[in-house]
Amino acid sequence: MDILTGLMHGFAVALQPANLLWCFVGVLLGTVVGVMPGLGPPATIAMLLPLTFLMNPAGAMIMLAGIYYGAKYGGSTTSILLNVPGESASVVTCLDGYAMARKGRAGAALGIAAIASFVAGTVGVVGLMLVAPPLAKVALAFSAPEYFSLMALGLAMVVLLAGRSMLKALLAMLVGLWISGIGTDPFSTTSRFTFGRLELLSGIDFVVVAIGVFALGEVLACMETRAEGQALPVPRGLRNLLPTVQDLKDCRFAFVNGSVLGFLIGVLPGAGSTIASFISYGVEKAVSRRPEEFGKGAVEGVAAPEGANNSETGGALVPLLTLGIPGSGTTAVLLAALVLWGFKPGPLFISENPGLFWGLVASMYIGNVMLLVLNLPLVPLFAQVLRTPGYVLYPLILGISIVGVYSVSGSLFDVSLVVAFGLLGYVMRKLDYPAAPLILGLVLGGGMERALRQSLMMSQGDLAILVTRPICAALLAAAVLILFVPLFNKLNAWRLQALE
Amino acid sequence: MKARNADLWSGLALVALAAYVVVQASGWDYSGPDGPGAGFFPLWYGIVMLVLAAALVASSLLHGEPKRVDWRGAGRALAVSAALAVSVLLFKLAGFVVGFAALAFFIVSVMYRRPWPLAAAVAIGLAGGFYLVFPLLLGVNLP
């Protein structure tokens, strides 16, 4: 199927009334989640995942992806009005967005963030549409050793997802591998790490860990204080939210910069939207004629990072859908969702499920238009979400998490496990262990072990199979190189700066 | 050794976990007639985990600055976590609606120090809302 035919097919799927509704629900929920500091897209997607089992997979995927990219739009609202990023990718938007708001230009800042998000989000979808199918064809040559090397490369990306301590990121990833190994060995009847509990023989459901570590962990972290922030007022009326012609002129390069850099960085598993937004901000400042204005309310300082973090979404779906490699916590949850619905993300995914892939691509075009329409005139309404008191919001999140977990397994044991994983997620935050590597290890662990054991069966135990096949050797070499990033001072300083 | 050095304690916990993984994995087949056995993969990541966790312990002993933990904030979070655990027990004994209402009441009245009539209203409203939306509207069972 060529791209044009695929896209037409995709629009036929995405424009079905039910799928349009799920797209709307997804982008609306995503915007609300993006607006709320604390609750991120991985937590929301993990919480809603159990409920999607009742849905058609195309509608469910369209909705979950809508939450993913919708949150990027909403994330700028709190950065601009509250100086608190709604999600990590909007950290850099605080610098100029909040400064603009303090100068009485909150409306223009919110408007330019929405327009940049729309332009770059659309460019990201075009990139996904053009890059994913050919990449999937290349990956068709992969067998078990290549898959193992690819997953090793995915795990090596932990280095880029790590916080200040590489050791802690690697340890979190290994704990994820361990959790993925709990249950019955896939090649024999040996039960592993089950502590004699029958309930653990079939392993620990991904949903239990994801909801615990992300959603409950976040709620517990938010419970540390009962203080709530004060948002700056949002000007009412569409006219007050539209940027001036001069603003748009000033942002010409920022739109291109954010769109292109965001997509390219998104394609690299592990880099993530936070790094994309920082790099695009840095490039914008470096080429600006008035770099001294950055940090004091430069409109390009809002457009470039907001564009980059939206375009990154399209890029991040490329390795997820064509190679089955998630590059972040959110895409790891999306990967698990696809697996739980019975799909196998990888080189055959697009050819085996053209309706789902192209329907998703088409829905992202539609979703971006919906988001622009929602975000420009309705920003004051979304800002009201910030007024939801914590004592209503947090019990609500806890309730949805518990019901979500119970709806998957019907087991109170799993509900107890989710509480335990919530505590683990909280302790990890408290002690600076990043959660994304744990989820990456958990998602990739099972497949990686299977691929390694199949490779060694093929070679009758000879590990040389992993270095004598050219693609394998190249992927493993790339993984080793990435693991050495922290040893290069300049690269590591750039990584840490981006994280801060 | 300082009690507030969180890295040291978390490193020691991970050393214990890694040792458990290695000991368990050593008891399973490392290789069989068809290739690697059930113990192969866990043994290797267990060893790597043991080395890295030991490195974390060593680095926190040698260079680590005692990390101050905000125990007051942590106490609040742990209290909610304990309340959650109790509410799971209540789900078993009295059902979700009662257990969840009790949890919500605790959060609003104790954690947020709001007046009890407001706490009761939020608890009843949320628990009732869950009952209406999930079993009645969506047909999803509650614990």
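Where is the place of A:Gln460 in chain A? I found A:Gln460 in the loop between H21 and helix H22 (465–468) of chain A. Helices (H or I, at least four residues) and strands (E, at least two) are DSSP runs, numbered from the N terminus.

**Ground rules.** I am working with a predicted model, where local features need pLDDT of at least 70, side-chain atom pairs count only at pLDDT 80 or more, and totals for chains, interfaces and linings use all residues. Residues are numbered from 1 along each chain as its sequence is written, while chains are lettered from A and ligands numbered from 1 in the order in which they are written.

**Positive phi.** I noted that A:Gln460 is not a glycine, yet its phi is near 55°, a positive value. A:Gln460 counts as exposed because it has 9 C-beta neighbours inside 10 Å. My cut-offs: a residue is buried if 20 or more other C-beta atoms lie within 10 Å of its own, exposed if 12 or fewer, and partly exposed in between, with C-beta atoms placed from the backbone. Then I turned to A:Phe193, also not a glycine, with a positive phi of about 50°. A:Phe193 sits in the loop between strand E2 (191–192) and helix H10 (206–222) of chain A, and its 17 C-beta neighbours inside 10 Å make it partly exposed. For context, most residues other than glycine have a negative phi.

**Helix H21.** I stepped back to A:Ala436, which is found in helix H21 (residues 435–458) of chain A. Is A:Ala436 buried or exposed? A:Ala436 has 29 C-beta neighbours inside 10 Å, so it counts as buried. Its C-alpha atom is 6.3 Å from that of A:Ser328, 108 residues apart along the chain.

**Helix H5 of chain A.** Helix H5 (residues 93–102) has nine of its ten residues buried, so it is largely enclosed by the rest of the structure. The cover over its buried residues includes helix H4 (57–82), H6 and helix H15 (300–323) of chain A. Just after H5(A), I saw A:Gly104 with a positive phi of about 85°.

**Chain A overall.** I counted 24 helices and two strands in chain A. Its radius of gyration is 22 Å, close to the 23 Å that the globule rule gives for 500 residues, so chain A is as compact as a globular protein of that length. The radius is taken over C-alpha atoms, and the rule is 2.2 Å times the number of residues to the power 0.38. Of the 500 residues of chain A, 62% count as buried.

**Where the chains meet.** I found 51 residues of chain B in contact with 46 residues of chain A; contact means C-beta atoms, placed from the backbone, within 7 Å. H3(B) gives the most to the side of chain B that touches chain A, with eleven residues.

**The core.** The largest nonpolar core has 215 residues, and A:Ala46, A:Ala210, A:Ile211 and B:Ala104 have the most contacts inside it. Such a core is a set of buried Ala, Val, Leu, Ile, Met, Phe, Trp, Tyr and Cys residues joined through C-beta atoms within 7 Å. Helix H6 (residues 106–139) of chain A gives the most to this core, with 19 residues. Leaving aside its neighbours within four places in sequence, B:Ala104 is in contact with A:Pro395, B:Val122, B:Ala123, B:Leu126 and B:Ala127.

Terms used:
Contact = placed C-beta atoms within 7 Å.
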